[in-house]
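Here is a friendly walk through the charged pairs and the nonpolar packing of one protein model. Keep the 3D view open while you read.

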Amino acid sequence: MELQITAIKNGSVIDHIDSEKTLKIMEILELSSAKEKVTVAFNLESKALGRKGIIKVEGRKIEKGEMEKIALLAPEATINYIEDCKVVKKEKVSAPDVVVGTIKCGNPKCITNFEGAPTKFYREEDNYRCNYCERTTHKNSINLR
Ligand SMILES: [Zn+2]
């Protein structure tokens, strides 16, 4: 595993992704249209997760906003920052307490699903509560807009 992590020279490695969320994270980070070299693996064995995914992005740092999106989909993910083939920083993703414009409300009658209004959710332990209709969404069943 150490080999896989250090296989890029400079960039970011997103590790410990819930395997099923790996491609979704590719999508929200718009990596399929990125200029950077991207390596993706999933269905890798993981003691903690059963199956995990890894995304390696050459020459790019994962920004804070991107990290928050990753955290919403894969709360167990860690990000390794690589410089000169070494892990210089390892960070567990953390979800923000207030999420604006990212989560889609699960209530089909919610105003945010009609008028294109930006959504706003408050984190309450394992749930996110919609600011407009009060509907809560469990952290494991979040849909992003
Ligand atoms: Zn709502």
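Helix α2 holds both K24 and E27, which sit three residues apart, about one turn of the helix. (Helices are DSSP runs of H or I with at least four residues, strands are E runs of at least two, and both are numbered from the N terminus.) These two side chains form a salt bridge, with the closest N and O atoms 3.5 Å apart. The term salt bridge here asks for a side-chain nitrogen of Lys or Arg within 4 Å of a carboxyl oxygen of Asp or Glu. Side chains of opposite charge can pair when their charged atoms come close.

Before going on, please note that this is a predicted model, in which local features need pLDDT of at least 70 and side-chain atom pairs count only at pLDDT 80 or more, while totals for chains, interfaces and linings use all residues. Residues are numbered from 1 along each chain as its sequence is written, and side-chain values use heavy atoms, leaving out hydrogens and water.

**Salt bridges**

The whole structure has 13 salt bridges, including these:

| Pair | N to O distance |
|---|---|
| K24 and E27 | 3.5 Å |
| R60 and E66 | 2.5 Å |
| R123 and D97 | 2.9 Å |

How exposed are the partners? By relative accessible area, buried means under 20%, exposed over 50%, and partly exposed in between (1.4 Å probe, protein chains only). K24 is partly exposed at 32%, whereas E27 is exposed at 53%. R60 is buried at 17%, and E66 is buried at 17%.

For the R123 and D97 pair, R123 belongs to strand β8 (residues 120–124) and D97 to the loop between β5 (86–92) and β6 (98–100), so the bridge ties together parts that are 26 residues apart in sequence. R123 is partly exposed, at 33%. Shared partners also join E36, R60 and E66 into one salt-bridge network.

**Nonpolar cores**

A nonpolar core is a set of buried Ala, Val, Leu, Ile, Met, Phe, Trp, Tyr and Cys residues joined through side-chain atoms within 4.5 Å. The largest one has 30 residues, and I14 and I70 have the most contacts inside it. Elements that each supply at least two of its residues include β1 (11–18), α2 (22–28) and α3 (64–73). Helix α3 gives the most, with five residues.

Which residues does I70 touch, leaving aside its neighbours within four places in sequence? With contact meaning heavy atoms within 4.5 Å, the partners of I70 include I14, I25, I28, L29 and V93. A second, separate core of five residues includes I8, L44, I54 and I82.
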